[in-house]
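I opened the model to look up a few local features. My notes follow in the order I took them.

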Amino acid sequence: MELFRKNIFKIMLAMSLMFLSCKMEETCVIVTASLEPVREYNFEHDKGDWTVMVYMPADNSMEKAALVDINEMEAAEFDFENNHVIVLADCNNNRDGYDGEWNGTRLYEIQHDKNGMNETLVSLRLGCKELGLSSRKEGELDMSDPEVLKTFVSSTAKYYPASHYAFVMWGECSGYSGRSKTTRAVAFDDTSVSYMENKDFADSLKDGLEKNFDVLAMDTCFGSEIELLCEFEKCADYFVGMEGLQKVEGWDYCPLLNLLSKEPDEGKKFAELLMESQKEKNISIVDMSKIKDLYSEFDLFSKSLTNSIKTKSNAEKIKSEILESDFCFRAYESAVNPVYVDIKYMAEKYGGQSLASCIEKTVRTNNQKYGGIGVFLCNLDKENNLILDIPGDYVRGNGNCKFVNESEHYAFSQDNSGTFLDKIFRN
């Protein structure tokens with residue numbers, strides 16, 4: 001009888017495995033490899049409250065910070081059942097080779113780690129046929145490719161439908177977008193030696209979700225600049241980002257997700273909780289529905305300011321005042337470093353009260369000293385000297401930056417016709 005029971009058990013086990021293999025495409029199959037939970041074949045989950053997509057192009061000097069941030073997410077006391085945090089992370093262990101790093105691109109559904117912050121990932125590693133990723137072997141994606149971003153967004157929305165969506169662009173950003181050697185962009189990828197331009201970033205978000213994100217957040221430097229915000233106008237209801245430099249380690253995701261356990265019911269509340277969780281002075285919340293009006297006010301202000309500059313000495317005075325003020329945000333890490341100036345400072349300094357009022361209605365920031373949105377001014381070299389060469393991608397008609405191409409009175413002109421930057425830098 002005992003032998004009979006054992007044989008029956010073996011037959012039932014074999015039949016169960018056969019059934020699972022026949023239903024592989026439709027079934028969630030979770031296995032464990034090297035203690036890491038994986039799901040090779042994903043499925044469409046029940047509709048949740050929030051799906052947060054985090055895009056981590058860490059195939060560069062920031063790869064170690066990516067693993068730290070994923071661990072911070074796992075440490076959070078967050079409802080991972082009704083809300084989902086999905087991370088696409090790219091690493092390159094040929095750079096530093098520290099523990100926990102991998103070589104390639106992985107997709108994770110964040111899971112709670114009861115042990116808190118540590119060096120071990122417990123999140124569910126996902127396979128994704130749309131992205132061509134397996135959960136059982138390494139794959140390499142070019143995270144600077146707009147199609148990769150678009151597919152990440154669309155596949156995540158397919159498998160994790162939600163009432164609300166938030167997107168986080170993580171890593172490096174250098175501001176405005178164009179097509180020259182000094183171009184400003186996001187998603188720098190060392191393996192492919194490339195980057196993603198901001199226009200392509202915005203288009204991928206719009207095409208991937210086919211609706212506005214409730215919140216678009218940039219855990220980067222130089223996110224809250226008018227050049228980028230004009231590109232993102234139709235991508236999200238609210239934007240959260242830094243006007244100037246971001247600390248190397250970026251945001252702390254544990255308190256962020258802890259606060260999100262309060263279950264915000266709209267993008268504005270999500271953005272406010274994000275700001276509250278970070279306690280960064282120069283972090284900004286931007287109401288994207290007001291960006292078009294802000295751009296119009298800024299161009300009118302630029303026209304008025306430009307018309308007030310009558311002499312070369314007047315132009316030099318204004319240039320010096322701005323560059324020597326405390327309202328400029330700068331980087332000093334490469335041969336060409338951007339300088340951004342706070343727009344509200346310029347408005348209040350040079351009689352643009354209507355613009356200043358518009359900024360107050362559009363932006364909320366922790367630092368009352370600044371308005372919360374910057375605009376490109378010039379480039380500096382490594383020694384902090386002004387580079388007088390005109391950046392080719394900041395000339396109207398030369399690049400693909402929406403703000404620059406539509407700027408009648410601020411950005412450089414093709415024929416030196418007398419815009420604000422023409423006057424203070426071209427005399």
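I call a residue buried under 20% relative accessible area, exposed over 50% and partly exposed in between, with a 1.4 Å probe and protein chains only. This is a predicted model, so I noted that local features need pLDDT of at least 70, side-chain atom pairs count only at pLDDT 80 or more, and totals for chains, interfaces and linings use all residues. Residues are numbered from 1 along each chain as its sequence is written, and side-chain values use heavy atoms, with hydrogens and water left out.

**Entry: aromatic pairs**

I looked up the rings next. Phe, Tyr and Trp rings (the six-membered ring for Trp) pair if their centres lie within 6.5 Å; planes under 30 degrees apart are stacked, over 60 edge-to-face, and the rest tilted. A pair is described by the distance of the centres and the angle of the planes.

How many aromatic pairs does the structure hold? I found 22. One of them is F167 with F201, a tilted pair at 6.1 Å centre to centre and 50° between the planes. This pair links distant parts of the chain: F167 sits in strand β7 and F201 in helix α4 (residues 198–209), 34 residues apart.

I then went to Y295 and F403, an edge-to-face pair with 5.6 Å between centres and 85° between the planes. Y295 belongs to helix α8 (residues 291–308) and F403 to helix α12, 108 residues apart, so this pair also links distant parts of the chain. Y295 counts as buried at 13% relative accessibility, and F403 does at 1%.

I also noted a cluster. Ring pairs join Y55, F152, F167, F201, F213, F232 and F239 in it.

**Entry: A162 in β7**

I went back to β7, residues 162–170, where A162 is found. A162 is buried, at 6% relative accessibility. Which residues does A162 touch, leaving out those up to four places away in sequence? The list is K47, G48, D49, W50 and T51, with contact meaning heavy atoms within 4.5 Å. A162 and D49 are 113 residues apart in sequence, yet 5.2 Å apart from C-alpha to C-alpha.

**Entry: α6 against α7**

Two packed helices are described by the angle and the distance between their axes. The axes of α6 (residues 253–260) and α7 (residues 267–278) come within 9 Å and cross at roughly 140°. I take axes as lines fitted to C-alpha atoms, for helices over the stretch in contact, with angles from 0 to 180 degrees between N-to-C directions. The two helices are therefore oblique to each other. Under 35 degrees would be roughly parallel, over 145 roughly antiparallel, 65 to 115 roughly perpendicular, and the rest is oblique.

From α6, P255, L256, L259 and L260 meet F270, L273, L274, E276, S277 and Q278 of α7. The contact residues divide into seven nonpolar, two polar and one charged. Nonpolar covers Ala, Val, Leu, Ile, Met, Phe, Trp, Tyr, Cys and Pro; charged covers Asp, Glu, Lys and Arg; the others, Gly among them, are polar.

**Entry: positive phi**

Most residues other than glycine have a negative phi. F222 is not a glycine, but has a positive phi of about 50°. F222 lies in the loop between β10 (213–219) and α5 (226–231), and is buried at 3% relative accessible area. N416, also not a glycine, has a positive phi of about 55°. N416 is in the loop between α12 (402–406) and α13 (420–426). N416 is partly exposed, at 39%.

Definitions and conventions. Helices (H or I, at least four residues) and strands (E, at least two) are DSSP runs, numbered from the N terminus.
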